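Please look over the sequence and the model shown here before reading on.

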Amino acid sequence: ELEADRAQELGIKNVRTFFKWYAWEPETKTFNWENDACKGFYKWLSRMQKRGIDVSVNTGWHLPKDIYAEPFKVEGDWYKSVQNYADWVSETVHQLIEVHGFTNVKYLHIFTFNILHPLFFVKNLCCIKKYIVFLSKINN
């Protein structure tokens, strides 16, 4: 509560947080949106919502590493792996806003590193192409 109270007292209107595939349970290879990790995240979202603080959720950090994580990777099929990741992002939005009612989740960030930096661009052209494919999938 202290963190949320301080954010409100400071007049913060929007916070950004990272959200990984916390619902994934590797033992059963299923998503459980009511596991302890998700419930902890929901408590935090609730604290922000009660204070009128909007939330920006970052659902991706490392490309292509996140796409190749266990819940999404289809060996040898980048496009299917991307589609799996895009489906998870869509389900995340559904779970957070529609199922759990966190209407303070207003923004979605995906792979927000600086891909336009010249050194990154030259060294990671294949990654840039994969990012473009990912964006086309997530927009559908």
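Among contacts in the protein between residues at least 6 apart in sequence, what percentage join residues at least 24 apart? The share is 70%. The model is predicted, and the points below are grouped by topic.

**Overall architecture**
- The protein contains five helices and five strands.
- Read from the N terminus, its elements follow the order α-β-β-β-α-β-α-β-α-α.

**Burial and surface**
- The protein has 140 residues, of which 39% count as buried.

**Aromatic rings**
- The whole structure holds 15 aromatic pairs.
- One of these pairs is formed by F72 and Y85, with an edge-to-face arrangement, 4.6 Å from centre to centre and 65 degrees between the planes.
- This pair links distant parts of the chain, 13 residues apart: F72 lies in the loop between strand 4 (54–58) and helix 3, whereas Y85 belongs to helix 3.
- F72 and Y85 are both buried.
- Ring pairs also join residues into a cluster, whose members include F72, Y85, W33 and W88.

**Residue Q95**
- Q95 is located in helix 3, which spans residues 78–99.
- Q95 counts as buried because its relative accessibility is 10%, under the 20% cut-off.
- Apart from neighbours within four places in sequence, Q95 is in contact with W33 and H100.
- W33, in turn, is one of the residues in the aromatic cluster.

Key
Residues numbered from 1 in each chain as written. Predicted model: local features only at pLDDT ≥ 70, side-chain atom pairs only at ≥ 80, totals over all residues. Heavy atoms only, no water. Helix = DSSP H or I, 4+ residues; strand = E, 2+ residues; numbered from the N terminus. Buried < 20%, exposed > 50% of the residue type's maximum accessible area, 1.4 Å probe, protein only. Contact = heavy atoms within 4.5 Å. Phe/Tyr/Trp six-rings, centres within 6.5 Å; stacked < 30°, edge-to-face > 60°.
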